[in-house]
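Subject: Structure handover

Hello,

Here is the structure for your pocket work. Please open it before reading my notes.

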Amino acid sequence: MKSYPSIPRSRGMSFRAIPNAVIFDKIDGSNIRVEWAGPKKGWTKFGTRNQLLDESDPVFGVVPQIFHERWGEALSRIACDERIDRGVFFFEFWGDSSFAGLHSPDDEKRLTLIDVSVHKRGIMGPHEFLKTFDGKVQTPNLISIQNWTREFVEQVWRGEPEGITFEGVVAKGGTGHDLVMAKAKTEAWIEKVRAQFDEGEAERLVNS
């Protein structure tokens, strides 16, 4: 099952401008993937970013149940309507207290759809994604559609754009195999990470 790609952080030499970028809130959760095998087989596999999972997983074992109860039927209809024969649907798994990959067992957990990779076509472009899923299933807040510039990244650093929940934003442009993505995080989120984790783990999380 295809894994979600790593999104580069837009700081310093790694910055890349994206004209007319679609900019989404970056949800502070854990990446989840669900495989769609077509109308006859349906949803066949669940996984975190790096491994498959089932109900026995102590943290993510609730994912299949949440998915089927809330989004399985709706996404099956959309996949059939859009003639998606095979694909991988990517989500963020999170709760109100989730932070840097840690999840409180007392929180109500949610799955928010962030991207869809269609077999042989690659990841949907952001405009197609919005047209297909916005208002039908839970997707991240749309912050804005604008040029992705160093100035805007600095605004994100200061937490200024309206609609950011805490961690930062993800910008997307293009479509399929030409899709371009970048992320920017807030200073407040990074400071909290560095206060709660040792140096090595903090740097890994900041750049994740």
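This is a predicted model: local features need pLDDT of at least 70, side-chain atom pairs count only at pLDDT 80 or more; totals for chains, interfaces and linings use all residues.

Residues are numbered from 1 along each chain as its sequence is written, and side-chain values use heavy atoms, without hydrogens and water.

Pockets

The largest pocket holds about 800 Å³ of space. A pocket here is an open set of points on a 1 Å grid over the protein atoms alone, where a 1.4 Å probe fits, with protein on both sides within 12 Å along at least five of seven lines. Its volume is the space filled by probe spheres set on the points, which are joined across faces, edges and corners. Lining residues have an atom within 4 Å of a point.

The largest pocket has 33 lining residues, and Gly29, Ser30, Asn31, Arg49 and Ser208 are the closest to its centre. At least two lining residues come from each of strand 1 (18-26), strand 2 (30-36), strand 5 (110-118), strand 8 (168-173) and helix 5 (199-206). Helices (H or I, at least four residues) and strands (E, at least two) are DSSP runs, numbered from the N terminus. The lining of the largest pocket has 14 nonpolar, eight polar and 11 charged residues. Nonpolar means Ala, Val, Leu, Ile, Met, Phe, Trp, Tyr, Cys and Pro; charged means Asp, Glu, Lys and Arg; the others, Gly among them, are polar.

The second largest pocket holds about 280 Å³. It is lined by 17 residues, with Asp25, Ile27, Asp28, Trp94 and Thr165 nearest its centre. Five are nonpolar, eight polar and four charged.

Threonine 112

Threonine 112 sits in strand 5. It counts as buried because its relative accessibility is 1%; the cut-off is under 20% relative accessible area (1.4 Å probe, protein chains only). Its side chain makes a polar contact of 2.9 Å with that of tryptophan 94. Such a contact is a pair of N or O atoms within 3.5 Å; within protein, one must be able to donate a hydrogen and the other to accept it, and residues adjacent in sequence count only if both atoms are side-chain atoms.

Strand 9

Six of the six residues of strand 9 (residues 180-185) are buried, so the rest of the structure largely encloses it. Val180, Ala182 and Ala184 cover one side, with Met181, Lys183 and Lys185 on the other. Strand 9 pairs with strand 8 in the antiparallel sense over six bridges; pairing takes at least two DSSP bridges. Lysine 172 stands opposite methionine 181.

Best regards

Note on methods. Buried means under 20% relative accessible area, exposed over 50%, partly exposed in between (1.4 Å probe, protein chains only).
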